Amino acid sequence: MRFIARYAKELRDNFEVITVYEDEIQKELISKQKPTIKTLAKKYPSAIWFERKIHDDFGIIVEDAFDKRPLVHQERFPKGIYPLRKDFDKKELEESDYLPYKYEEISGDGVFQVAVGPIHAGIIEPGHFQFSQAGEDMLHLEVRHFYKNRGIEKMLEGKTLKDAKAIIERISGNESIAYQLCYRDIYLQATKQELPLGLQKRDALLLELERIIHHLTDLGFIPNDAGFGAALAYCSRLAEDTRRKMKEITGHRFGFGAINFQNNFIDSASLGEWLKELQQSIDYFEDWIVDIPSLWDRFDTTGTLSFQKAQKYSTVGVVARASGVSQDRRLNKFYLEHGFVMASEVNGDVGARFKLRLQELKNSITLIYNFLEDDNSALELKEVEDGEYQSFVESSIGELFMAIDIKNGLIDRFFVRDPSFMNWQALHLMMRSDIIADFPLINKSCDLSYAGNDL
């Protein structure tokens, strides 16, 4: 049974811990007087971040966990403060005494530690990578994030779904359309409405356009981190053209406000001509890049994640599919009828993740062709009904899960699990047979979100 997420909420007299699997959702009531739960991390290793976050958010103790360090709370976070409890209403916090974070390290003769981040020389967001090294060989990596926790879960409490949209769609820029689609599906559930087929096609078209932008960016940066900057220049031009196409269709380069239950006009002829040119550019790029042996010397067998480990760590998206795990939320009747073919590789290395992105990029172009339709559908939304709602969308990074509880017409609990929250936890498994110079290449081949991870 595939593990998806674990989170908590506060009820009047108890806490409730919700565990989401592929085929079922389990709920456990626990006492506020003695809030303890059992760990799932012995069976599902990726549950450990969820459980550490549950403790930071609510003060719930995970009794038999192998890792009880803070996750979201940094070194000076005050003790006894649990921000997602209902009685927490502070606008500012007083720093406590500095408590050093104990990193996982391998020790021994000739072994030393290399700290990278959280501030980087590039333009990436803050994240820390702690390496145990024997010369150039990477023995162990610990990923530590949550330097830019924005308090989004707390921020959305007490808001209407309509008021929450502008925040939700900006959680992670690479996945704005995907976040909006998760939000859309919850809105439809809460109003007991169905989306007209024309609107389904338009929204799916925008999701594939977002996927193209993300994959083009990655297809440029992966060779760049192997020393081939020409690929980055080429793909950056294509990605920029696609961003401009997104703005032409939605009014914004990142598609903010694009999912609005209105089928706004799309110039099918213009978009079709642009897709034809993009397809030609991608075909040229593939022929060019495949014929550079020195690149594939760096790609192949580097950063390998086995099928068994990909499954054990509940990975999703490109990371999972490149290791042979058949998992994609688009594997349904609607997408299959419009030409979806699930991409798959088995080697689980940088080369597999690169080739899989090429496959998905070309399939996204096919899907957009098939989603094109002159349609002026619109949906007038009804009143939202109280309840507990969940939704899934296959973002450009992987499976996105969102849960929203509505009480008295307002958000009582908001939870989202970005695909990166799963895949960051598997990154260290890809390092053990490689040297530290390969780390940027391996990291970029997964291209995970910091913002989506650090709510």
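This short talk covers salt bridges in this structure and one of its sheets.

Before the details, please keep in mind that this is a predicted model, in which local features need a pLDDT of at least 70 and side-chain atom pairs count only at pLDDT 80 or more, whereas totals for chains, interfaces and linings use all residues. Residues are numbered from 1 along each chain as its sequence is written, and side-chain values use heavy atoms, with hydrogens and water left out.

Let me start with the charged pairs. Side chains of opposite charge can pair when their charged atoms come close. The rule applied here takes a salt bridge to be a side-chain nitrogen of Lys or Arg within 4 Å of a carboxyl oxygen of Asp or Glu, and by that rule the count is 48 salt bridges.

One of them joins Arg6 to Glu51, with 2.8 Å between the closest N and O atoms. Arg6 belongs to strand β1 (residues 3–10) and Glu51 to helix α1 (residues 47–58), so this pair ties together parts that are 45 residues apart in sequence; helices (H or I, at least four residues) and strands (E, at least two) are DSSP runs, numbered from the N terminus. Both Arg6 and Glu51 are buried, where buried means under 20% relative accessible area, exposed over 50%, and partly exposed in between, with a 1.4 Å probe and protein chains only.

Helix α1 also carries Lys53, and because its partner Glu153 lies in helix α2 (residues 152–155), that pair ties together parts 100 residues apart in sequence. The N to O distance of the salt bridge between Glu153 and Lys53 is 2.6 Å, and both residues are buried.

Lys148 sits in the loop between β8 (137–144) and α2, while Glu125 sits in the loop between β6 (111–116) and β7 (128–134), 23 residues apart. Here Lys148 is partly exposed, at 33% relative accessible area, and Glu125 is partly exposed as well, at 26%.

Beyond these pairs, there is a network of salt bridges that links Glu208, Arg211, Arg321, Asp328, Arg330, Glu360 and Glu394.

Turning to the sheet, strands β6, β7 and β8 form an open, antiparallel sheet of three strands in the order β6-β7-β8, and two strands pair if DSSP finds at least two bridges between them. Since β6 and β8 stand at the edges with a single partner strand each, one side of each is left without a neighbour in the sheet. The antiparallel pairing of β7 with β8 runs over seven bridges, and Ala134 stands opposite Asp137 in β8.
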